[in-house]
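Please open the model in a viewer and keep the selection tool at hand.

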Amino acid sequence: MKRAAALALILVPLLASRGDGAPEAAVPATGDVRVSVTVVGSDRRPLPAAQAIVWIPGAGAKGNAPLMAALRIASKSKRFDPRITAVPVGATVEFPNLDGIFHNVFSLSPNAKFDLGLYRNGASRAMTFDTAGLVRVYCNIHPQMAAYLLVIDGTIWAQTGADGGAVLTRVPPGRVAVRAWDEKGGDYQGTVDVAAGKTVMLAIVLDGSTFKDAPHTNKYGKKYPPPDDDANRY
Ligand SMILES: [Cu+2]
């Protein structure tokens, strides 16, 4: 609402100065989409999908510096923080190690295969993501460390809160494509009719019934060694 009010303050004097009679009401050129994401598990119970990414595909984000600022996934308390991050195509992500032990950062995902090596507390490495898609990021020492980067071709996205809700703002009017991804529910593709100056609702229900939290392999594609192995003494 604050943004709309500020826009009106700017537009009304402009319209009034055209000399064509009474000032016209300032109509925003875009609309908002209020999204709720639900995942239905194998027990058929629908639960809010927290941390899901929802976005409007299409408009490339390449070269849009403000969108790409401060993308950072820390290794902290033997976890990646945050666990799920939307990354516009062409953006660079920093991976600082904030723990007092060594960590590694790698991915075997086809659209971003990389290995940032082993590095100590206070050190950081960076990686640029040029291909849209899901990138599963792990640490070669600690199997419990997992981060999911959703590299998106778009400039409009939002991440759901604990209630599964998110708002996509400044969406162009008309029938627009919407995509979503959730760790348990997977992919969603649909459309929504957006009207300028309005907020429309979109309920997304994902099937998480076949989701399995299966262990992933290390950077060599092998099972992680047992916890008392030398590799865990770093
Ligand atoms: Cu680690």
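Predicted model: local features only at pLDDT ≥ 70, side-chain atom pairs only at ≥ 80, totals over all residues.

Beyond its neighbours within four places in sequence, Leu149 is in contact with Ile73, Thr85, Val87, Val93, Phe95, Phe129, Gly133, Leu134, Val135 and Val137.

Leu149 is listed with Phe95, Phe114, Phe129 and Val137 as having the most contacts inside the largest nonpolar core, which has 24 residues. Strands E7 (92–96), E9 (114–119), E11 and E12 each give two or more residues to this core. Another core, of 23 residues, lies apart from it and includes Val33, Val54, Val171 and Val176.

Now move to the loop between strand E11 (133–138) and strand E12 (146–152), and select Asn140 there. Is Asn140 buried or exposed? Asn140 counts as buried, because its relative accessibility is 17%, under the 20% cut-off. Its side chain reaches the backbone nitrogen of Lys219 at 2.8 Å. Residues up to four places away in sequence aside, Asn140 touches Asn104, Phe106, Asn218, Lys219, Tyr220 and Tyr224.

Finally, select Asp182, in strand E15 (residues 174–182). Asp182 is buried but has no salt bridge; Lys184, the nearest side chain of opposite charge, is 6.9 Å away. A polar atom of the Asp182 side chain does, however, lie 2.8 Å from the backbone nitrogen of Gly185. To complete the view, show Val39, Ala49, Ala50, Ala52 and Leu206, with which Asp182 is in contact when its neighbours within four places in sequence are left aside.

Note on methods. Residues numbered from 1 in each chain as written. Heavy atoms only, no water. Helix = DSSP H or I, 4+ residues; strand = E, 2+ residues; numbered from the N terminus. Buried < 20%, exposed > 50% of the residue type's maximum accessible area, 1.4 Å probe, protein only. Polar contact = N/O pair within 3.5 Å; in protein donor to acceptor, adjacent residues only side chain to side chain. Contact = heavy atoms within 4.5 Å. Lys, Arg positive; Asp, Glu negative; His and termini not counted. Salt bridge = Lys/Arg side-chain N within 4 Å of Asp/Glu carboxyl O. Core = buried A, V, L, I, M, F, W, Y, C linked by side-chain atoms within 4.5 Å.
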